[in-house]
Amino acid sequence: ALQWSERTKDSNSLANNHWDLAFFFKTHAVEDSAYYNFSKAQKIYAALKNDYNSGRMLYSMALVQGDIKDYTGSEISTIRAIELLKPLNKYEQLYQCYNNLGILSNALEEYDQALAYHNEALGYLKKVNEKNDWEHTTENNIGVVYENQGQHKMAISQFKKVLGHKEIKDTSPGLYAKALDNLAYNRFKLKDTVQVEKQFTTALRIRDSVKDLAGLAVSHFNLAEYYLYKSDTLAAFGQAQEAKSLSIESSNNKRLLQTLELLPRIDPKNAVVYTQEYMALNDSLQQEERQIRNKFERIRFE
């Protein structure tokens with residue numbers, strides 16, 4: 001019994017080491033190493049029949065898979081995590097899992113399923129004592145689903161709901177700026193432009209104050225679209241260049257690709273240059289993501 005206890009202690013220690021390494025690599029965007037260490041920790045916890053930590057590792061693996069657009073793999077890992085966490089009534093972790101499934105379904109353009117998952121996440125969140133800003137984050141995520149569906153009126157209603165929580169301007173200024181920018185963008189899509197520029201620039205200033213580089217890239221991109229609509233190509237070009245620069249600085253490749261798609265409409269003379277840059281980046285990212293997904297498959301196989 002003593003030997004078993006010591007082996008269990010050593011195994012827990014090894015699992016914790018892999019866990020720490022995984023978070024280090026995830027923080028530094030080394031996805032394959034992060035996934036490898038989360039996977040190693042998960043296998044140890046599974047062998048120890050520690051379903052709680054095994055489920056948490058599966059959820060962490062799912063987040064890494066989502067980062068490199070392995071959406072189906074991320075769904076599988078998340079569902080495996082739910083299967084372990086649900087009998088334990090771990091409501092906080094179940095909220096996170098279902099919220100992730102909602103984000104994944106949105107990325108896969110399965111919008112009705114995304115809404116169902118986000119609402120299920122909110123159901124679990126009601127059972128959590130310490131909610132932080134998760135409820136408002138999920139409300140914002142639901143608004144994004146409506147936006148992607150083209151249901152801009154529904155999206156506007158959802159973003160107004162988020163902004164109706166007055167406290168988030170102080171407790172979570174990044175989320176407040178995101179919801180405000182989303183609100184302005186959906187109003188702009190409906191050609192309701194009264195005070196839209198002010199909402200865009202207010203969101204931009206808040207994002208600048210909290211050093212949210214990825215968020216700033218979004219703000220400048222949206223302003224570029226807005227000024228192009230207003231036929232102010234000089235202002236649109238300046239905003240697009242800011243979006244491009246900040247996308248590169250924050251490693252926001254999705255926004256960088258979108259900016260390279262927008263620039264030919266603003267600066268037609270150099271359209272060929274932007275299109276070539278877009279194609280080269282898109283091919284490179286697809287190859288890189290494919291290589292990492294293959295590494296994930298090898299890790300699972302081994």
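This is a predicted model: local features need pLDDT of at least 70, side-chain atom pairs count only at pLDDT 80 or more; totals for chains, interfaces and linings use all residues.
Which residues does Ala-236 touch, if we do not count residues up to four places away in sequence? The answer is Ala-224, Tyr-227, Leu-228 and Ile-266, where contact means heavy atoms within 4.5 Å.

Residues are numbered from 1 along each chain as its sequence is written, and side-chain values use heavy atoms, with hydrogens and water left out.

Ala-236 is found in helix α13, and helices here are DSSP runs of H or I with at least four residues, numbered from the N terminus. With a relative accessible area of 0%, Ala-236 is buried, a word that stands for under 20%, whereas exposed stands for over 50% and partly exposed for what lies in between, using a 1.4 Å probe and protein chains only.

On either side of α13 there is a loop with a serine in it. Ser-231 lies in the loop between α12 (213–229) and α13 (233–249), and its phi is near 65°, a positive value in a residue other than glycine. Ser-251 lies in the loop between α13 and α14 (253–266), and its phi, near 55°, is again positive in a residue other than glycine. Ser-231 counts as exposed because its relative accessibility is 61%, and Ser-251 is exposed at 56%.

Let me now turn to helix α8. In α8, His-152, Ala-155, Ile-156, Gln-158, Phe-159, Val-162 and Leu-163 are buried. They cover an arc of only 165° around the axis, and therefore sit on the same side of α8, the arc being that of the directions from the helix axis to the C-beta atoms. In general, an α-helix has 3.6 residues a turn, so residues three or four places apart point the same way. The face of α8 turned away from the buried side carries the exposed residues Lys-153 and Lys-160.

What covers the buried residues of α8? The cover includes α7 (134–149), α9 (168–171) and α10 (173–189). The axes of α8 and α10 come within 9 Å and cross at roughly 155°, where axes are lines fitted to C-alpha atoms, for helices over the stretch in contact, and angles run from 0 to 180 degrees between N-to-C directions. The two helices, α8 and α10, are therefore roughly antiparallel to each other, a label used for angles over 145 degrees.

Definitions and conventions
Angles under 35 degrees count as roughly parallel, over 145 as roughly antiparallel, 65 to 115 as roughly perpendicular and the rest as oblique.
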